[in-house]
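This report is for a reader meeting the structure for the first time. Please look through the sequence and the model below before reading on.

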Amino acid sequence: MLHRLLIILSALPIILALCNCAAPRGTAEGPVILDIGHCVGAGGAVSPRAVNGQRVRELDWWYRYVYYTKQVIEQAGYKVLVTNRGERPETEPLRQWADRAEVQHQDEPDTGQRYPSDYFPDRVAGGMISADYAIGRRASCAVFLHHNSARGWRRRGASPSLIICNRYNGRNLASCLAGTLNREVLNHGMPNSGRECGISVRYVDATRAAGWMNACDDAGIPAAVVEAAFLNNRNHVSYLTRDATARRYAEAVGRGIVDYLRRYGNEPRHYRADTDCPDEGSFGYAAESRGLDVPGAENLWED
Ligand SMILES: [Zn+2]
């Protein structure tokens, strides 16, 4: 008995090294993470004009409507956690919306600085805490809820709606999200001159959202950022400021996630094999990050 125990104990470091167990891994049984982008005090993009008497701000809009996204996923039988990196809002109606969606606040407001993942220290980005939250909970998938914006107020015409996703695990999630938005929302109530929602895979160091996408990817978690609605597009803002169509948008995101889970949720995941081996997503790859000193970050490209 003791002999057997000793064999198991002596093999443990090898087993741990082989399966790279240091970081938790995403699994099909894990919760869906819905992350409300930005935080109280730094609420993200805002529409330049009011439409239907309202201006839209990313943070406030998603606090209000994430509840409907969550409901659609829960009704399909999946567990959902809604999170936000910042502090719990203290003003109404935000506080009430946050309570309704049971938002888990991480009390780490955006500092504007880049910082490393707790699990994969060569993955560096501002807002990394959201990716680490998904990894810590072994998420089935993680969807980061945003709206996009460009310069100049657009009265008509198309905006380049897109879903950003990670390299190895995220493509099916992104195509289900884009597909659902294209069938139910874009050019179906939310005019976009026939232009459909695109998909953008992000993984190169220092590229927008690449840091979070990579950290999730390393842990085998499909991840996507929703950037389909543009706050400088009058037609998009009009859609987002009418309660019935706003709900329809939020629910379409939920249906896209359900479509993904049903079709692909049980497929094998890609896990990063060697976390000591740098790739294009490692901190220090991009010229922009080469000279930066980010406390706690690992630059695998050095030496
Ligand atoms: Zn945003």
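## Helix 2

The expected span of a helix is 1.5 Å times one less than its number of residues. The model discussed here is predicted. In it, helix 2 covers residues 58-75, which makes 18 residues. From first C-alpha to last, helix 2 reaches 25 Å, close to the 26 Å expected at 1.5 Å a residue.

Helix 2 has a kink of about 45°, and the kink is centred on Tyr65. Just after helix 2 comes Gly77, with a positive phi of about 100°.

How many of the nine residues of helix 4 are buried? The number is eight, so helix 4 is largely enclosed by the rest of the structure. The buried residues are Met128, Ile129, Ser130, Ala131, Asp132, Tyr133, Ala134 and Ile135. Their cover includes strand 1 (32-36), strand 2, strand 4 (115-116), strand 5 (124-125), strand 6 and helix 6.

The loop between helix 4 (128-136) and strand 6 (141-145) contains Arg138. Just after helix 4, Arg138 takes a positive phi of about 50°, although Arg138 is not a glycine. Arg138 is partly exposed, because 18 other C-beta atoms lie within 10 Å, and a residue needs 20 or more to count as buried.

Ser140 lies in the loop between helix 4 and strand 6 too. Ser140 counts as buried because it has 26 C-beta neighbours inside 10 Å. Leaving out residues up to four places away in sequence, Ser140 touches Gly26, Thr27, Ala28, Gly30, Pro31, Val32, Leu261 and Gly265. Ser140 and Gly220 are 80 residues apart along the chain, and their C-alpha atoms are separated by 8.8 Å.

Helix 5 has 14 residues. Its reach from first C-alpha to last is 20 Å, close to the 20 Å expected at 1.5 Å a residue. Buried residues in helix 5 are Leu173, Ala174, Ser175, Cys176, Leu177, Ala178, Thr180, Leu181 and Asn182. They pack against strand 6, strand 7 (162-165), strand 8, strand 9 (223-227) and helix 8.

Met190 is in the loop between helix 5 (171-184) and strand 8. Is Met190 buried or exposed? Met190 is buried, because 23 other C-beta atoms lie within 10 Å. Not counting residues up to four places away in sequence, Met190 touches Val185, Asn235, His236 and Tyr239. Met190 and Ala150 are 40 residues apart in sequence, with 17 Å between their C-alpha atoms.

## Helices 7 and 8

Helix 7 (residues 234-241) packs with helix 8 (residues 243-264) at an angle of about 95°, and the two axes are 5 Å apart. The angle makes helix 7 roughly perpendicular to helix 8. From helix 7, the contact is made by Tyr239, Leu240 and Thr241; from helix 8, it is made by Thr245, Ala246 and Tyr249. By type, the residues of this contact divide into four nonpolar, two polar and no charged.

## The loop between strand 2 and helix 3

Two residues are described here. Pro93 is found in the loop between strand 2 (80-84) and helix 3 (94-100). The peptide bond from Glu92 to Pro93 is cis, with omega near 5°. Most peptide bonds are trans.

Arg88 lies in the loop between strand 2 and helix 3 as well. Arg88 is partly exposed, with 14 other C-beta atoms within 10 Å. It touches Ala98 and His105, not counting residues up to four places away in sequence. Arg88 and Val40 are 48 residues apart in sequence and 7.8 Å apart in space, C-alpha to C-alpha.

Ala209 is found in the loop between strand 8 (198-201) and helix 6 (210-218). Most residues other than glycine have a negative phi. Ala209 counts as buried because 22 C-beta neighbours lie inside 10 Å.

Note on methods
Residues numbered from 1 in each chain as written. Predicted model: local features only at pLDDT ≥ 70, side-chain atom pairs only at ≥ 80, totals over all residues. Helix = DSSP H or I, 4+ residues; strand = E, 2+ residues; numbered from the N terminus. Buried ≥ 20, exposed ≤ 12 C-beta atoms within 10 Å, placed from the backbone. Bend = angle between axes of the 7 residues up to and from the residue. Axes fitted to C-alpha atoms, helices over the stretch in contact; angles between N-to-C directions. Parallel < 35°, antiparallel > 145°, perpendicular 65-115°, else oblique. Contact = placed C-beta atoms within 7 Å. Nonpolar A, V, L, I, M, F, W, Y, C, P; charged D, E, K, R; others polar.
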